[in-house]
Amino acid sequence: MDKNILLNVSSKLELKLKLTAVFADKVPHELIAKEKNKLTLISEDKTYYLYLGDSKGLTRNDVYNFFVNFSSNNIQDLDIDVKSFVTSNLNESILLQTIYEALWFDTFKEYTLKSKKNEEKKVKYNVVSTAKFPSYTSQQQIEIQGESINLARNLQDMPPNLLYPEVFAKKIQDAAKGIKNLSVKVLGQKEITELNMNLLLAVNAGSNFDARVVVLEYKGDPQHADDILGLVGKGITFDSGGYSLKPSLAMKGMKFDMSGAASVCNAAIAAAKLQLKINFVAVACLTENKIGGHATLVETVFTSMNGKTVEINNTDAEGRLVLADGMTYALRKGKANRIIELSTLTGAMLVALGSYMTGAFATDDKLFNDFDLSSQQTNEEIWRMPIHQQNILNMRSSKIADLSNLSKDPYGGSSNAAAFLKEFSEDKPFLHLDIAGTAYKNDRGMGILIKTLVQYMKNYSTSK
């Protein structure tokens, strides 16, 4: 059932039913089922009791995942007693943030093209707490970044015959209209060609849709005009693998290969709406990767925007190609002095970290540590991975070009991809975030790391 969730935060009970957490050491009613995450309705108390077992084992993930899953099926208006969830490890302020974010995540009306629509049911949640949101965030921030997360998820879920580069670019333009200090431009095939973004063009060569580059520039800190964050996102609206064709089962989910671009663009829009004191340029390189009469062949060589030559030894290693030109644009045209880049880049990331954490590769400890702090505040888990000198040598193994887009060593694929991108960072601090395992789940987009990108920008703006 599709729902229209109405959210409220207050210090008092307002609705007829209440949801309260109970732990193993204090169960207030003998009829409460002692099974973790099990709800028991005690009608005379007008209360749903949620049994959570040992309080010491409760985590933010437990709370967040419960409310996302619960609200997907619940049809009852409820007061939610935040204080009842407090443990020695989780204070009321953190729980207020976590529960509110989880419920906001489910305000999203899932994308559907079904001819028969289910009747909507409006569900009210009153999040009851006397605490304030943590000092690093606010109700306004959660709501604005929540809107951007849901916009990104909508883009992710669209089928590839309806979402191609031109459509993606138009949707970002529409979402960014009227936001103070934010400008948007879309580069077409002519401008991309004039800029010598030949790696992007090489990936686009087999598509019947022209490539696009979306550029969002925000000037929120004129006193530090030379301090500009570069955000770069991979926007492959469908990835067939090109002539290095994927097997049929591996093409499932390849409409989500634009998730990095969706997150970067919508995080940029959220940060601008919040009027954060920061400057950034966000770049999304958009194309399909398909087979066609002009599609790029294996062992062809192209010159990138920054002048380095690249031998394409696997057309299915296309993400790093479009990102290389996107990074160069952010650095040279956008004047960025550091780069954060998001991409569904390597299947090897799933092998390494599963679908639970995003892999992070950094050339600068401060940039990583600042972003890691932000990820802890938003509870979006990342794990630092290495870029070894051997990975760099692997990507310089071509006999006829500066770089190969594929290592001859079949192992360490995620680190090899990160090493390739490092070659285009021009010695600026660089953070690569491989969201291949976290961008989507159960055939639905997650809007991953938008919260953390916004939090990083907010933390950076307030630290000056």
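Q: Let's start with Phe66 and Phe70: how many residues apart are they in helix α1?
A: Phe66 and Phe70 are four residues apart in helix α1, which covers residues 60–71, so about one helical turn separates them. Helices here are DSSP runs of H or I with at least four residues, strands are E runs of at least two, and both are numbered from the N terminus.

Q: Before we go on, what sort of model is this?
A: This is a predicted model, in which local features need pLDDT of at least 70 and side-chain atom pairs count only at pLDDT 80 or more, while totals for chains, interfaces and linings use all residues. Residues are numbered from 1 along each chain as its sequence is written, and side-chain values use heavy atoms, with hydrogens and water left out.

Q: Back to those two, are Phe66 and Phe70 buried or exposed?
A: Phe66 is buried, with a relative accessible area of 10%, and Phe70 also counts as buried at 12%. Buried means under 20% relative accessible area, exposed means over 50%, and partly exposed is in between, using a 1.4 Å probe and protein chains only.

Q: And which residues form an aromatic cluster with them?
A: Phe66 and Phe70 form one aromatic cluster together with Phe67 and Phe85.

Q: How many aromatic pairs does a search of the whole structure find?
A: The search finds 13 aromatic pairs. One of them is Phe66 with Phe70, whose ring centres are 5.4 Å apart and whose planes meet at 10°, so the pair is stacked. Rings of Phe, Tyr and Trp (its six-membered ring) pair if their centres lie within 6.5 Å, and planes under 30 degrees apart count as stacked, over 60 as edge-to-face and the rest as tilted.

Q: New topic: where does Ser129 sit, and is Ser129 buried or exposed?
A: Ser129 is found in the loop between β6 (121–128) and α3 (139–157), and Ser129 is buried, with 7% relative accessible area.

Q: Which residues is Ser129 in contact with?
A: Setting aside neighbours within four places in sequence, Ser129 is in contact with Ser10, Ser11, Val82, Glu92 and Leu96, where contact means heavy atoms within 4.5 Å.

Q: What about Ala270, where is that?
A: Ala270 is in helix α7 and is buried, with a relative accessible area of 0%. Not counting residues up to four places away in sequence, Ala270 touches Ile144, Gln145, Ser148 and Val454.

Q: Which ring does the charged end of Arg338 sit over?
A: The charged end of Arg338 sits over the ring of Tyr460, 4.0 Å from its centre, and that of Arg384 sits over the ring of Phe368, 4.8 Å from its centre. A charge sits over a ring if NZ of Lys or CZ of Arg is within 6 Å of the ring centre and within 35 degrees of the ring normal.

Q: Zooming out, how many helices and strands does the protein chain have?
A: The protein chain has 13 helices and 19 strands, and 58% of its 464 residues count as buried. Along its principal axes, the C-alpha trace spans about 75 × 50 × 45 Å.
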